[in-house]
Amino acid sequence: MTKLTLEALRKLRAAKQDEMARREADGSSGTILIGMGTCGIAAGARETFDAFVRALAEHPTLKRVAIRQTGCMGLCYAEPTVEIAMPGMPTVLYGRVKADVVPQIVEEHLLKGRLVNDRIFDKPAVDLMKPRKS
Amino acid sequence: MHPTLTEHLLDLVQNAMDAGATFVEVSVAEEEGTITVTVSDNGRGMTKAERQKALDPFQSGGRKHPARRVGLGLPFFLQMVEQVGGHFDLRSEPGVGTSILASYRADHPDAPPVGEWPEGVVQAMALSDQAEMVFRRTRGDRVFTIRRSELAEALGGLADAEALDLARRYVRERHEEFLGKG
């Protein structure tokens, strides 16, 4: 295999710039936010993160979806938690998304535009919604 | 308790970002059977009282979750270091930043393995669009350094799945070279 240098990375991406610009223009990208606080990491969020990266990176219509990580989203009991914001769909917080659930979410939510109802946790914890002044 | 050092370091980088850092440097150095870990940032820093609270698992910074009373990242790391009979130091100054330093014997039976370093590096980079992050491993006179800015420049950003996957593959290759497997 060819050695993957920084220069090789530059060329790989440059070759796709036109295609990337078109995709951004038509708004077909989205964002996946993975909770990776101590609780998320303990529940397997690192494997979930890698599963999303691998599943989307090679997919012609999904490789421009942004993947971010964040701290605890307030649902430690339902980790790993994943918030998905895709154009034309409501922003959804899924819980208990271990790596083996990722293919189902990619197939249903990202590709077919259908919510995976039995994984939805729609309310963040109270302290995220209304910070108490204590 | 986290299974490997990389999980601890992810927690500590997240703390740095939560503290508003625009620069964080993580270093793991192995020399003559001793592992030395440092995590330094230029975040808002802590007073003496805040430093003590930061080591208490039943306290958190209180900015992200104002009503929460649990914060485990730093206490877990301290617990690990104490468990292996290591040395731990937390230096912090308001307005300047925070440095965490730990060292312990690599051959202690409870010393955690480094873990999946390349994946950890890329996962940490997905925490922030702007901050510079430097990840360094040293083994004797061999040094392996990855800078977020270099990867982001080469890939035109590190936000999307394709860029993150290419970054992961690149870091993994360089890391295997560092380990002598390349």
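## Burial and make-up of chain A

A residue is termed buried if 20 or more other C-beta atoms lie within 10 Å of its own. By this criterion, 36% of the 134 residues of chain A count as buried. The model described here is predicted.

The secondary structure of chain A consists of 6 helices and 4 strands. Read from the N terminus, the elements follow the order α-α-β-α-α-β-β-β-α-α. Among the contacts in chain A with a separation of 6 or more, 64% are made by residues 24 or more positions apart.

## The nonpolar core

In general terms, nonpolar side chains tend to be buried together in soluble globular proteins. In this model, the largest nonpolar core has 78 residues. The residues with the most contacts inside this core are A:F52 and A:I67 from chain A, together with B:V13, B:M125, B:A161, B:L164 and B:A167 from chain B. Helix α4 of chain A, residues 45-57, contributes the largest share of this core, namely 8 residues.

The surroundings of A:F52 can be set out individually. Leaving aside residues up to four places away in sequence, A:F52 touches A:I32, A:I67 and A:V102, and also B:A161 of chain B.

## Strand pairing in chain B

Strand β1 of chain B, residues 23-31, pairs with two strands of chain B, β2 and β5. With strand β5 (residues 132-139), β1(B) runs parallel, and 8 bridges join the two. With strand β2 (residues 34-41), the pairing of β1(B) is antiparallel and also extends over 8 bridges.

Residue B:E25 illustrates both pairings. The bridge partner of B:E25 in β5(B) is B:V134, while in β2(B) the partner is B:S40. The hairpin formed by β1(B) and β2(B) has 2 residues between the strands, and in this hairpin B:E32 takes a positive phi near 50°.

## The contact between the chains

The contact between the two chains takes 33 residues from chain A and 33 residues from chain B. On the side of chain B that touches chain A, five helices each supply at least two residues: α1 (5-18), α3 (73-83), α4 (117-125), α5 (148-155) and α6 (161-179). Of these, α6(B) provides the largest share, 9 residues.

Sorted by class, this side of chain B has 14 nonpolar, 13 charged and 6 polar residues.

Definitions and conventions: Residues numbered from 1 in each chain as written. Chains lettered and ligands numbered in written order. Predicted model: local features only at pLDDT ≥ 70, side-chain atom pairs only at ≥ 80, totals over all residues. Pairing = 2+ DSSP bridges. Buried ≥ 20, exposed ≤ 12 C-beta atoms within 10 Å, placed from the backbone. Contact = placed C-beta atoms within 7 Å. Core = buried A, V, L, I, M, F, W, Y, C linked by C-beta atoms within 7 Å. Nonpolar A, V, L, I, M, F, W, Y, C, P; charged D, E, K, R; others polar.
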